[in-house]
Amino acid sequence: SSKQLHRLKTAHVGFQVMSFIGDIKDRAAVEPAERYLFRFGYRIKEDEPSLSIDLQGHTEIDGHTHYELVCKIEWAPKKNRDDARYFNWRHRARLADLRSFLHDPIKEELGSAYKKLFGDIAFASHGGVPGTSNKLKAWLAKLASIISSGELTPATVCRILRFLEAPVPEYSDDELAGTFGKCRSCTLHTGTPSLSACTECKARRLQEKRRLYPETRVLV
């Protein structure tokens with residue numbers, strides 16, 4: 001499809017060229033974690049938002065149980081409380097997907113720290129046995145608390161919010177433009193606040209320096 005082609009093309013250049021062309025959801029789906037999280041108020045250890053994930057029942061669809069999750073992000077920056085924002089949405093997922101895309105990769109990333117953070121709160125067992133909803137509800141609530149406390153990496157938080165299909169606010173494009181800036185050479189977005197040039201322009205300049213001064217050691 002055209003959307004898949006767009007994602008592949010963007011991914012091919014290493015996510016560094018992020019022009020504001022096309023659908024905002026497509027751009028947010030492939031951009032670097034810091035950019036994506038910035039859209040929801042995550043400033044990487046500065047005024048971190050609060051996330052809640054509440055399981056509110058389940059629905060049977062085509063013979064499979066789909067759990068109903070009510071998600072909320074609250075962000076109230078200390079410097080300007082009037083700029084407080086709230087993102088509310090619902091997500092429906094099967095137990096197998098919650099295990100494969102949330103529990104398993106998070107447990108692998110945390111390693112020995114998993115037990116310390118989650119304590120005695122166990123994930124739901126296979127097979128949808130009695131008590132599954134209560135276990136899953138407690139685990140998701142604990143996961144949200146851990147995210148809010150900043151215990152997980154930006155890449156992991158980004159992956160979780162994408163799985164939960166958090167709605168990307170339209171106005172976040174304007175905020176990104178003011179914070180992340182543009183490449184001075186090609187005017188496309190760099191993807192990192194500290195960069196004034198995108199990766200491709202840097203590579204071209206480095207290649208040109210090596211061509212003009214082959215005997216000179218060029219620092220990368």
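This is a predicted model: local features need pLDDT of at least 70, side-chain atom pairs count only at pLDDT 80 or more; totals for chains, interfaces and linings use all residues.
Local features are reported at pLDDT of at least 70 and side-chain atom pairs at pLDDT 80 or more, whereas totals for chains, interfaces and linings use all residues. Residues are numbered from 1 along each chain as its sequence is written, and side-chain values use heavy atoms, with hydrogens and water left out.

**Whole chain.** Colour by secondary structure. The chain has 9 helices and 3 strands, taken as DSSP runs (helices H or I, at least four residues; strands E, at least two) and numbered from the N terminus. The order from the N terminus is α-α-α-β-β-β-α-α-α-α-α-α. Of the 220 residues, 38% count as buried, meaning under 20% relative accessible area; exposed is over 50% and partly exposed lies in between (1.4 Å probe, protein chains only).

**Strands.** Select residues 50-61 and 64-75, which are strand 1 and strand 2; they pair in the antiparallel sense over 10 bridges. Pairing requires at least two DSSP bridges between two strands. Ile53 has Cys71 of strand 2 as its bridge partner.

**Two positive phi values.** Go to the hairpin of strand 1 and strand 2, where 2 residues lie between the strands. Asp62, in this turn, has a positive phi of about 50°, although it is not a glycine. Most residues other than glycine have a negative phi. The relative accessible area of Asp62 is 72%, so Asp62 is exposed. Next select Glu165, in the loop between helix 7 and helix 8 (172-180). Its phi is also positive, near 55°. Glu165 is exposed, at 58% relative accessible area.

**Helix 7.** Pro154 lies in this helix, residues 154-163. With a relative accessible area of 28%, Pro154 is partly exposed.

Finish with Lys202, Arg204, Arg205 and Lys209, which form a positive surface patch. Arg204 belongs to helix 9, residues 199-212, and is partly exposed at 46% relative accessibility.

Technical notes:
Patches are made of residues with over 30% relative accessible area and no salt bridge: like charges are joined within 9 Å, nonpolar side chains (Val, Leu, Ile, Met, Phe, Trp, Tyr) within 5 Å. Accessible areas come from the Shrake-Rupley method with a 1.4 Å probe; for residues, only the protein chains shown count as cover. A salt bridge is a side-chain nitrogen of Lys or Arg within 4 Å of a carboxyl oxygen of Asp or Glu. Lys and Arg count as positive and Asp and Glu as negative; His and the chain ends are not counted. The place of a charge is taken as NZ of Lys, CZ of Arg, CG of Asp or CD of Glu.
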